[in-house]
Amino acid sequence: MSDWTFYALPDPWWPFLFIILAGWLPTDIWRYLGVLSSGNLSESSPVLQLVRSIATALVAAVIARLVLYPTGSLALLPDAVRVGAMAGGFLAFLLLRRSIVLGLVVAELILIGGAWVTGAV
């Protein structure tokens with residue numbers, strides 16, 4: 001077996017083994033290690049605070065990219081509508097007992113209303 005390519009093995013089970021080895025195992029092993037090691041970490045440890053800060057920054061960056069540089073049908077809306085929906089949803093989240101669902105509903109209503117008013121739909 002000198003040829004180590006995807007098509008070198010004629011067996012029908014080979015693609016499923018490839019999916020397990022290349023797709024599932026590399027990502028899930030870190031999840032299992034995280035679960036196993038999380039019992040020994042303090043919630044206020046500097047390492048966990050760093051991980052939480054990085055995760056929060058990544059989510060904020062994704063949201064900023066969606067609002068400021070959208071693609072698809074969201075790009076048809078004016079910037080003011082998208083930024084207004086984000087600000088309105090965040091304000092609703094703060095005013096309505098920190099309810100994520102209500103914040104999302106308010107932001108979605110602003111987006112739909114903005115699309116209707118501007119004729120973007």
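Visitor: Where do Phe90 and Phe93 lie?

Guide: Both sit in helix H3, three residues apart, about one turn of the helix. A helix here is a DSSP run of H or I with at least four residues, numbered from the N terminus. By the way, this is a predicted model, where local features need pLDDT of at least 70, side-chain atom pairs count only at pLDDT 80 or more, and totals for chains, interfaces and linings use all residues. Residues are numbered from 1 along each chain as its sequence is written, and side-chain values use heavy atoms, with hydrogens and water left out.

Visitor: What makes the rings of Phe90 and Phe93 a pair, and what kind of pair?

Guide: Rings of Phe, Tyr and Trp (its six-membered ring) pair if their centres lie within 6.5 Å, and planes under 30 degrees apart count as stacked, over 60 as edge-to-face and the rest as tilted. The count by this rule is one aromatic pair. The centres of Phe90 and Phe93 are 6.3 Å apart with planes at 25 degrees, so this pair is stacked.

Visitor: How are H3 and H4 oriented to each other?

Guide: Their axes are lines fitted to C-alpha atoms over the stretch in contact, with angles from 0 to 180 degrees between N-to-C directions. H3 (residues 79-95) and H4 (residues 100-118) cross at roughly 155 degrees, and the axes come within 7 Å. Angles under 35 degrees count as roughly parallel, over 145 as roughly antiparallel, 65 to 115 as roughly perpendicular and the rest as oblique. H3 and H4 are therefore roughly antiparallel.

Visitor: Which residues of H3 and H4 meet?

Guide: Contact means heavy atoms within 4.5 Å. Among those that meet are Gly84, Gly88 and Phe93 in H3, and Gly103, Ala107 and Gly114 in H4.

Visitor: Which residues of H2 meet H3?

Guide: Ile63, Val67 and Leu68 in H2 meet Arg82, Val83 and Met86 in H3. The axes of H2 (residues 46-68) and H3 come within 9 Å and cross at roughly 145 degrees.

Notes:
Helices (H or I, at least four residues) and strands (E, at least two) are DSSP runs, numbered from the N terminus.
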